[in-house]
Amino acid sequence: MTSIHLKYLAVNPVDLEWGLAVNSVGRQEIEPGSPYPPSNHPTRYLFSPDRGRVLNEYQLLYITGGRGSFSCDTLGRDRKIQVKAGSMIILFPGEWHNYRPDEETGWTEYWIGFKGPQADSLVANGFFSKNRPVLEVSFHEDILDTYSRAIDIAETQKSGFQQALSGIVMSLLGSAYYHSRNRSFMLSNTDRMIAKAKMIVSEQLYTIDPKSLADQLCVSYSSFRRTFKEYTGFSPARYILNMKIDQAKELLTNSSAEIKEIAYKLGFENTDYFFTVFRRLTAQTPMAYRNETQGKKL
């Protein structure tokens, strides 16, 4: 037996001005051996697993039980990517795709369909890509609860419901990005290495440099730099510099130490370089920052 719980929503021009609007949200459980898709899907979303389909919106699907396969134009129509419980599938507007559960297992899927410039911007900036439409995020109760909350909001459709749903979409996309990235790092033990690197920086901030940091981790600097930047968004040198400036802010606010003394304590070669870096990262001179945070009038 196939169970389905879905809601298809109208979107007005005001909703689109918000930057993101939701067209559909729902849940369906496909029992082993059941037909897919279910016959009670609306015509505009119905597709044949033999032919696939193209949508004019994004959809984010979360498989919470069973397994199946997915294919799309970008990766090749003949290439079948295996999906399972804990997989998230991103469907892109204008992209041919096809997916279905295995007959032996069926599957349970949650989905939400949406469109708008907020979603377009995330794709344009490389956070999500047609080259990586299946994300492995594992099973998380909070993601399941978020989909369920979206269904509840869509059921009642109170005033402002589209704006509430757009927030849920961003939350789900954030969770998809966060969990998929960290799952891959966990499998390679990268998260442990980065945690250790951050601890070393914290303990040896005044003397540490990127090369000696890599040496202490027993990895080549080129490999470490690449991995560190991919994980944190900063090169090791920039991360250390940011930490030093944060420490400088603390000392400027909560101590009477001279600025020259602070610069040398943090390992800057000279005061002029410290001034240059501090101003570049904070848009203030050290003295202006001290006066502002200590409540002194200029």
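This report looks at aromatic rings in a predicted model.

## Ground rules

Residues are numbered from 1 along each chain as its sequence is written. Local features need pLDDT of at least 70 and side-chain atom pairs pLDDT 80 or more, while totals for chains, interfaces and linings use all residues; side-chain values use heavy atoms, without hydrogens and water.

## Aromatic pairs

A pair of aromatic rings is described by the distance of the centres and the angle of the planes. Rings of Phe, Tyr and Trp (its six-membered ring) pair if their centres lie within 6.5 Å. Planes under 30 degrees apart count as stacked, over 60 as edge-to-face and the rest as tilted. By this rule there are 16 aromatic pairs.

One of them joins Y36 and Y99. This pair is tilted, with 6.2 Å between centres and 55 degrees between planes. Y36 lies in the loop between strand 2 (21–30) and strand 3 (58–72), and Y99 in strand 6 (residues 97–101), so the pair ties together parts 63 residues apart in sequence. Strands are DSSP runs (E, at least two residues), numbered from the N terminus. Both Y36 and Y99 are buried (under 20% relative accessible area, 1.4 Å probe, protein chains only).

Y58 and F92 pair edge-to-face, at 6.1 Å and 70 degrees. Y58 is in strand 3, and F92 is in the loop between strand 5 (87–91) and strand 6, so this pair links parts 34 residues apart in sequence. Y58 is buried at 7% relative accessible area. F92 is buried at 4%.

## Cluster and charges

F268, Y273, F274, F275, F278 and Y289 form one aromatic cluster. The charged end of K244 sits over the ring of F268, 5.6 Å from its centre. The charged end of R77 sits over the ring of W96, at 4.2 Å. "Over" means that NZ of Lys or CZ of Arg is within 6 Å of the ring centre and within 35 degrees of the ring normal.

How values were computed:
Helix = DSSP H or I, 4+ residues; strand = E, 2+ residues; numbered from the N terminus. Buried < 20%, exposed > 50% of the residue type's maximum accessible area, 1.4 Å probe, protein only.
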